[in-house]
Amino acid sequence: DQGNRLVFAKELKELERTRTINSSRTVTIFPGGEAASLTARQARDFGVVSRLVKNRQDLELLLGLATGDLRIDSQLGNSSLRPRIFLMDRFIDERFVETRKSMIDRAVREDGVNFICLWIDRPDGSAAALSGFADFLSKLDAKEVRTVAYIPTMARGAIPLVALACDDVVMHPDALLGGKTDSLTNEERSDLLAVVNDNIVPLKMRNRALADAMFTPD
């Protein structure tokens, strides 16, 4: 009667002591053994993704923009909504992150941009760089600048951290979020989870169990 909860197995046992659980509706989403991954529809159903769009025109309609307004480095003049796209389509290292942070900071401060779309298309990157970028994004004030991650194909490994750090996540219906974290070291996982639990969960109101499962196979 209090809705659905996403929890770790060990937390379910504690929950059963204080709540009445409908066992027929208790489902194991991620059985363990590998990092969690979500299809676009699953991500929408679990509240990670706000909407699904098939193309740029659908995204413009969803964001309330006129056709053609969503352009890379676009300037919308006197419009109250001033968006800017930043591509995330290559290997993300410390240099890439510092460049993007500088571009975003300059766009907000000098150009009055108040709506940022990160176009995340099959990139890869170092966990340290991604942790730093996610930390930066999570601390942007949503009242001053809205951040949206758009995933047209897939975002795997440590990349989902950047998407989760945004205010909203939008995916193509056939896109995939998460999985493939075999190359991460324990230290890298620890750095990713620190950003999740210290910033993303409290600042972006993400579900901790679901976000943790993106990076911890067990």
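So, D45: at 58% relative accessibility, this residue counts as exposed. Let me say what those words cover: buried means under 20% relative accessible area, exposed means over 50%, and partly exposed is in between, using a 1.4 Å probe and protein chains only. Its partner is R44, and the two side chains meet in a salt bridge, 3.8 Å from N to O. R44 counts as partly exposed, because its relative accessibility is 38%. And a salt bridge here is a side-chain nitrogen of Lys or Arg within 4 Å of a carboxyl oxygen of Asp or Glu.

Quick word on where this comes from. It's a predicted model, where local features need pLDDT of at least 70, side-chain atom pairs count only at pLDDT 80 or more, and totals for chains, interfaces and linings use all residues. Residues are numbered from 1 along each chain as its sequence is written, and side-chain values use heavy atoms, with hydrogens and water left out.

Okay, how many salt bridges does the rule give? The count comes to 12. One of them joins D111 and R84, at 3.2 Å from N to O. That pair links distant parts of the chain: D111 sits in helix α4, residues 94-111, while R84 sits in strand β3, residues 83-88, and they are 27 residues apart. Is R84 buried or exposed? R84 is buried, at 7% relative accessible area, and D111 is partly exposed at 33%.

Then there's R90 with D89, a salt bridge at 3.6 Å, N to O. R90 is partly exposed at 49%, and D89 is partly exposed at 37%. E11, R208 and D212 are linked in a network of salt bridges.

Now, two helices. The axes of α5, residues 127-138, and α7, residues 186-204, come within 10 Å and cross at roughly 10°. Axes are lines fitted to C-alpha atoms, for helices over the stretch in contact, and angles run from 0 to 180 degrees between N-to-C directions. Angles under 35 degrees count as roughly parallel, over 145 as roughly antiparallel, 65 to 115 as roughly perpendicular, and the rest as oblique. So α5 and α7 are roughly parallel to each other. Residues that meet there, with heavy atoms within 4.5 Å, include A127 and L137 in α5, and V195 and I200 in α7.

Technical notes. Helices (H or I, at least four residues) and strands (E, at least two) are DSSP runs, numbered from the N terminus.
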